[in-house]
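Please keep the sequence and the structure in view while reading.

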Amino acid sequence: MGELILPPPYRDDAASHPPLDFAGYGSTARRHPTQPLIALPHTLTELTGPLLGDGRVAPEDADLTRRHDGEPLGERIIVHGRVLEEDGRPVPGTLVEVWQCNSAGRYWHEGDQHPAPLDPNFTGLGRCLTGADGAFRFVTIKPGAYPWGNHPNAWRPAHIHFSLFGRAFTQRLVTQMYFPGDPLFGQDPIFNSVRDPAARERMVCAFDLEATTPEWALAYRWDIVLRGPEAVVPDEDGA
Ligand SMILES: [Fe+2]
């Protein structure tokens with residue numbers, strides 16, 4: 001058996017991380033562990049795999065508007081930013097994956113049957129690797145709000161799901177990015193399960209006029225800080 005390696009200890013941040021069982025978010029009660037967690041030591045496998053390989057991610061994977069024959073309906077947008085360590089160092093070579101509903105608020109998934117139209121030119125999946133400066137950039141369609149049945153007249157604010165995967169199985173962050181000024185923030189228990197208002201703001205991107213492409217697309221910027229006081233909050237259980 002190989003030498004056991006312990007990763008750096010996990011820093012608990014109860015003010016910004018959602019509790020496992022959040023009263024306003026119905027399904028959390030059914031999903032969270034009910035037994036104490038057991039720490040499993042990691043071996044080289046967990047700390048060095050997977051080797052994703054740059055060649056597996058094509059540049060066109062980052063343009064969600066060009067995955068089909070025609071262009072999707074909706075407001076074309078650019079979403080870009082950088083993945084950073086808490087001291088500001090960029091994190092290169094991180095796999096950034098996104099998934100989202102279409103402009104009508106419907107996911108391309110059999111589990112989403114609410115009466116909004118699917119778009120044959122939009123499946124809502126994209127990915128890219130961060131560059132040497134930690135930067136990522138997607139072209140997509142602004143997602144719509146959608147109802148989700150958590151409570152009477154419950155609607156999710158527009159959001160894009162993000163997954164970050166580093167160079168080890170233990171380097172994973174799953175979260176959601178929101179858009180500034182969304183009128184649905186106040187009634188969304190997933191957004192508000194992050195109880196620290198400053199931490200909630202770190203999940204909201206910024207309109208970026210400079211990165212806007214004239215006559216073509218508006219732009220939003222969202223930097224993802226992995227740890228420390230400016231860290232983006234992980235999505236423990238989000239819809
Ligand atoms: Fe969602």
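## Salt bridges

Asp-63 and Arg-66 meet through their side chains in a salt bridge, at 3.5 Å from N to O, where a salt bridge is a side-chain nitrogen of Lys or Arg within 4 Å of a carboxyl oxygen of Asp or Glu. This is a predicted model, in which local features need pLDDT of at least 70 and side-chain atom pairs count only at pLDDT 80 or more, whereas totals for chains, interfaces and linings use all residues. Residues are numbered from 1 along each chain as its sequence is written, and side-chain values use heavy atoms, with hydrogens and water left out.

With a relative accessibility of 14%, Asp-63 counts as buried, whereas Arg-66, at 51%, counts as exposed; buried means under 20% relative accessible area, exposed over 50%, and partly exposed in between, for a 1.4 Å probe and protein chains only.

| Asp-63 | Arg-66 | 3.5 Å |

Glu-71, at 41% relative accessibility, counts as partly exposed. Asp-87 is found in the loop between β1 and β2, the strands being DSSP runs of E with at least two residues, numbered from the N terminus, and at 51% relative accessibility Asp-87 counts as exposed. The C-alpha atom of Asp-87 is separated by 9.9 Å from that of Leu-226, although the two residues are 139 residues apart along the chain. Salt bridges also link Asp-61, Arg-67 and Arg-127 in a network.

## The nonpolar interior

A nonpolar core is taken here as a set of buried Ala, Val, Leu, Ile, Met, Phe, Trp, Tyr and Cys residues joined through side-chain atoms within 4.5 Å. The largest such core has 25 residues, and those with the most contacts inside it are Val-96, Phe-136, Phe-138, Phe-162, Met-177, Phe-179 and Ile-224. At least two residues of this core are supplied by each of β1 (76-84), β2 (95-99), β4 (135-141), β7 (159-165) and β8 (172-178). A second, separate core consists of 16 residues and includes Tyr-146, Trp-148, Tyr-178 and Met-203.

Which residues surround Phe-136, once its neighbours within four places in sequence are left aside? Phe-136 is in contact (heavy atoms within 4.5 Å) with Val-79, His-80, Gly-81, Arg-82, Val-83, Val-96, Cys-128, Thr-130, Phe-162, Trp-222 and Ile-224.

Strand β7 is mostly covered, with 7 of its 7 residues buried. His-159, His-161, Ser-163 and Phe-165 point one way from β7, while Ile-160, Phe-162 and Leu-164 point the other way, and all are buried.

Two strands are said to pair if DSSP finds at least two bridges between them. By this criterion β7 has a partner in β2, the two strands running antiparallel and being joined by 5 bridges, and within this pairing Glu-97 stands opposite Ser-163. A further 7 bridges join β7 to β8, which also run antiparallel, and here His-159 stands opposite Tyr-178. β7 and β8 form a hairpin, with 6 residues between the two strands.

## Surface features and loops

Phe-207, Leu-209 and Leu-218 form a nonpolar patch on the surface, with about 290 Å² of accessible area together. Patches are made of residues with over 30% relative accessible area and no salt bridge, like charges being joined within 9 Å and nonpolar side chains (Val, Leu, Ile, Met, Phe, Trp, Tyr) within 5 Å. The areas come from the Shrake-Rupley method with a 1.4 Å probe, and for residues only the protein chains shown count as cover. Leu-218 is found in strand β10, residues 218-221, and counts as partly exposed because its relative accessibility is 33%.

Where in the chain does Asn-153 lie? Asn-153 lies in the loop between β5 (146-147) and β6 (155-156), and has a positive phi of about 60° although it is not a glycine. At 63% relative accessibility, Asn-153 counts as exposed. Glu-215, found in the loop between β9 (206-207) and β10, has a phi near 65°, a positive value in a residue other than glycine. Glu-215 is exposed, with a relative accessible area of 83%.

Methods. Helix = DSSP H or I, 4+ residues; strand = E, 2+ residues; numbered from the N terminus.
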